[in-house]
Amino acid sequence: MKRSAREDAASTRRLTRRALLIGGAQVAFGGMLALRMRYMQVDQADEFRLLAEENRVKVRLFPPARGALFDRNGAVIAKNEPSYRIIITPEDAGDVEMVIRRLSHLIDLDPEDLAKARKEIAQNAPFRPVTLADRVSWEAISRVAVNAPALPGITPEVGLSRQYPLGPDLAHVAGYVGPVSDYDLSKIDAPDQLLLIPRFQIGKVGVEAKLEDDLRGKAGNKQVEVNSAGREMRELNRREGQPGANLQLTIDHRLQNYVQARLGRESAAAVIIDCDSGDILCAASAPSFDPNLFVRGISVRDYRELTENKYRPLANKAVQGLYPPGSTFKMVTVLAALEAGEVTPEETVYCPGHMEVANRRFHCWKRAGHGQVDLMASLRESCDVYYYELALRVGIEKISAMAEKLGLGQRYDLPMSAIARGRAPTKDWKKQNFDQDWVVGDTVNASIGQGFVLASPLQLAVMTARMASGNHVAPRLIKSVDGVEQPIEAATPLDINPNHLRMVRRAMYSVTNHRKGTAYKSRIIADAMHMAGKTGTSQVRNITAEERRRGVTRNEDLPWERRDHALFVNFAPYNNPKYAVAVVVEHGGGGSTAAAPIARDITLQALYDGEPPLEAYPKAARSKVKAQQERLRRERRDFLNRESDRA
Amino acid sequence: MSYLEYAVKTVPSGLRKVLYLNWPLVLLLTAVCSVGFMMLYSVAGGSFDPWAEAQMKRFGLGMVVMFVVAMVPIWFWRNLAGVAYLASLALLLFVEFFGAVGMGAQRWIDLGFMRLQPSEMAKITVVMLLAAYYDWLPTKKVSNPIWVAIPVFLILLPTALVLKQPDLGTSLLLVFGGAAIMFFAGVHWGYFAAVIGIGVGLITAVFQSRETPWQLLKDYQYRRIDTFLDPASDPLGAGYHITQSKIALGSGGWTGRGFMQGTQSRLNFLPEKHTDFIFTTLAEEFGFVGGFSLLSLYLLIILFCVASAIANRDRFASLLTLGIAVTFFLFFAVNMSMVMGLAPVVGVPLPLVSYGGSSMLVLLGAFGLVQSAHVHRPR
């Protein structure tokens, strides 16, 4: 196409102009890019470099091995076991459902675990590994490993998991660990990095929880360079952790096992402590539960079974169960009166079967009355009226002071969960808590361990140990930490006239060894092993007049929840007290029938450090005892076999 | 001035043409490509496999293409412009129906020995066609609305096809490359002002249409814009690329971590480290000095092209050279803005450096055109 030269020149000029304009704009934009680059690479370089390091370097934690728990003789109570888990990384797996389906052909997958895992997969980022199966067997792991190529994203992993070889025996004392929960974390201000590991096991109850800091140990870590997929490329730095401390408890696991078996299916608790050191040799609470159930997180069904059981298996009745001590409290009353000089051992009180105080009739358990009773007889036959009389003379303040001196109404510093304080009531206490004045009837009730008085089996055992030794015995549960023996509180004598203590002990001796004693049937006849004790039957509720009219007079006629608690405290041998024992059988009926035989059996078991010979029992009891021993041997067969294997 | 008016005698002939090539430009291109080989070697962890070696072969092939194209007189290419345009349209239509799907988009035809991306070709053929169009069009008609509408249509036709693949980056390049030619050709600036106005309106429309059944962009494209505006909002998802890219780039500092010492690209924090984000690796390993050097090389290429175009009295040759320069500029400007967090991640490679066969061949072919224009310029 022809065009004029002038037009041509004009368009060429315009083209040149515009070319220069655009060229200039391009250079300007290039300059701006350079400035931006300079800003990022020079001015902000440090900041970005820091971010790059964060990207590159990851800290991996090694969980420390949790400290083990041993009994006083070195038997394992809690240990760590290698546990194999199967983990899935959804990102690597691709089709998660397909991989799970393949896996389920190889090994058994628990539907409940699977449901949990699916939920986690849905909630977490795809590169976060999720546990599909925990505690799988070695065979299952090898099967998975062999088939690894067909299972993308699946990794078998070995870790440590808690195991309680004694099962239910020490569930309450040792407690258990479980996967750390949000609730656990919320209670801690600055949680250890370890706790942020999913399913990290921490102590939930008992020694495991109370001494968590000792048991947990310190995490090791390594700094690794990782790529974007999180794969470790090389290790930069490593710091070893520190395993948790091994703890030795004062518990004797064989004794504990026997006692737990002896309590059987009762809702009961028994404590045995060493009169010299205060070592808790046994703190049994029945029924118990298997702590291993909790380690991985207990199933809802199992948990409901435990919580809905009316015998409350989860409660540690030995320290958290509070009971009116009933007649086992009478030693406190009498000691208070003796110390106050309000009574002499020889002085007698007439018991007509009841006593009128403030226009109210207080009955003796023996409606017909005991007649003239002195200290010895009153304790032996458990005459209530004698103590009503003493209480009126001494007053509640001195009784409560004595109770506290003997270890009631106070919380011991022990690593156990939910330790109850109990109650040694005073006038002030009632005023503060009920806004009512203390009345003399309250004192009368308290004198026989009813009314406001409450004590735990452990406290009753401590009380007995203090009376038996005359020393200020303090209970102890931890024998050594990592081999370092824990101090025993120096046994200082109680601020009580030793003669008064001796009289009370003698009266307790007659309870079990005098023909008229309330626990005569439960005596020990082996030489130098005689025991001294006191029965207690504490009312949960009075039998009402209405019930009486209907003919309900006996405890056995009442529904279980309303029957009396049966209690028994004792120490042995009488001449040289070694063990103090307290037994409470909830709603068991009478102390002499339900609690005393148990106390006798476990005392003998402790004294003989094993099954006692039948000769230690009175002749009349032997056939019954023999049958019982056989039954218990059968029940404990697994345990005994294991023990003899170990020996 | 038409080719018929060339003083044919003044145009070098035969192999002597080689002496008349724009040799500085050849050297610059070789330098840029060499930077590419080095970085591909580095991101592969110090290995020619799998990228650097293949890229070198393509460079060799591309250089041959460039020289061959340069030897052919520029008027031959002008006459071919229409055919080339139609061919690339046909190929675009072909991938629309038969193309393999890669990275969520239908972009290439598998030829066996290489993957052909028609959209790469279209960038150049559109420029060629428009240059030829304005060479043919009498200059007084340039701003006539009808004669403006024709090139707009010619641009939008392939753009629509590319956008449908979907390839936002390339469609933007097509539009801006074409518009640049129109601007150079002398179209009245009022048109451009109007289009910018409409563009702003359109962007508003794009955002207004979001989450309605007739939304104009794909969800991922919206998300890219979102994360461009605030990458921190989704650091593990859509914002990951930009965040990681900025971290790697920024951590380079003045002189970088040293060749093959870049931790971010080496450890795969960088996505697409051998293609769209290769500049980040360069900037991490060689720092500001390295990044600025490459930027300077690019700008020098642009300046040589602009100088060559201004010196060339042939209208087609000038427009073509300028158009190719602008397209080339858009390539690296968009890519660098992207890795520096100044533009959304649109998937534009760094020209001649990123790993990619079609792009390398097409670009070197395009520079062959620039060389041809330079060699065969009227003297």
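Which strand of chain A does β10(A) pair with, and in which sense? Strand β10 (residues 247-249) pairs with strand β17 (residues 478-481), antiparallel, over 3 bridges. Pairing here means that DSSP finds at least two bridges between two strands. Strands are DSSP runs of E, at least two residues; helices are runs of H or I, at least four residues, and both are numbered from the N terminus.

Before going on, a word on the model. It is predicted, so local features need pLDDT of at least 70 and side-chain atom pairs count only at pLDDT 80 or more, while totals for chains, interfaces and linings use all residues. Residues are numbered from 1 along each chain as its sequence is written, with chains lettered from A and ligands numbered from 1 in the order in which they are written.

Back to the strands. Q248(A) has S480(A) as its bridge partner in β17(A). β17(A) also pairs with strand β18 (residues 484-485) of chain A, antiparallel, over 2 bridges. There, V481(A) is bridged to V484(A). β17(A) and β18(A) make a hairpin with 2 residues between them. In that turn, D482(A) has a positive phi of about 50 degrees.

Now the contact between the chains. Chain A puts in 41 residues and chain B 46. Contact means C-beta atoms, placed from the backbone, within 7 Å. On the chain A side, α1 (5-43), α2 (45-56) and β8 (220-226) each supply at least two residues. α1(A) gives the most, with 23 residues. By type, the chain A side has 19 nonpolar, 11 polar and 11 charged residues.

Next, the annotations. UniProt, in an unreviewed entry, lists residues 20-39 of chain A as "transmembrane region". Such annotations may be inferred rather than shown by experiment; positions follow the numbering used here, and feature names are shortened. In the model, that span is 100% helix and 0% strand, with end C-alpha atoms 28 Å apart.

For chain B, the unreviewed entry gives the same feature name to several spans, including 59-77 and 175-207. Residues 59-77 of chain B are 89% helix and 0% strand, and the end C-alpha atoms lie 22 Å apart. Residues 175-207 of chain B are 91% helix and 0% strand, with end C-alpha atoms 20 Å apart.

Last, helix α7 of chain B, residues 189-208. Its 20 residues should span 28 Å at 1.5 Å a residue, and the end C-alpha atoms are 29 Å apart, which agrees. The expected span is 1.5 Å times one less than the number of residues. Of those 20 residues, 0 are buried, so α7(B) lies largely in the open. Buried means 20 or more other C-beta atoms within 10 Å of the residue's own, exposed 12 or fewer, and partly exposed in between, with C-beta atoms placed from the backbone.

Key
Contact = placed C-beta atoms within 7 Å. Nonpolar A, V, L, I, M, F, W, Y, C, P; charged D, E, K, R; others polar.
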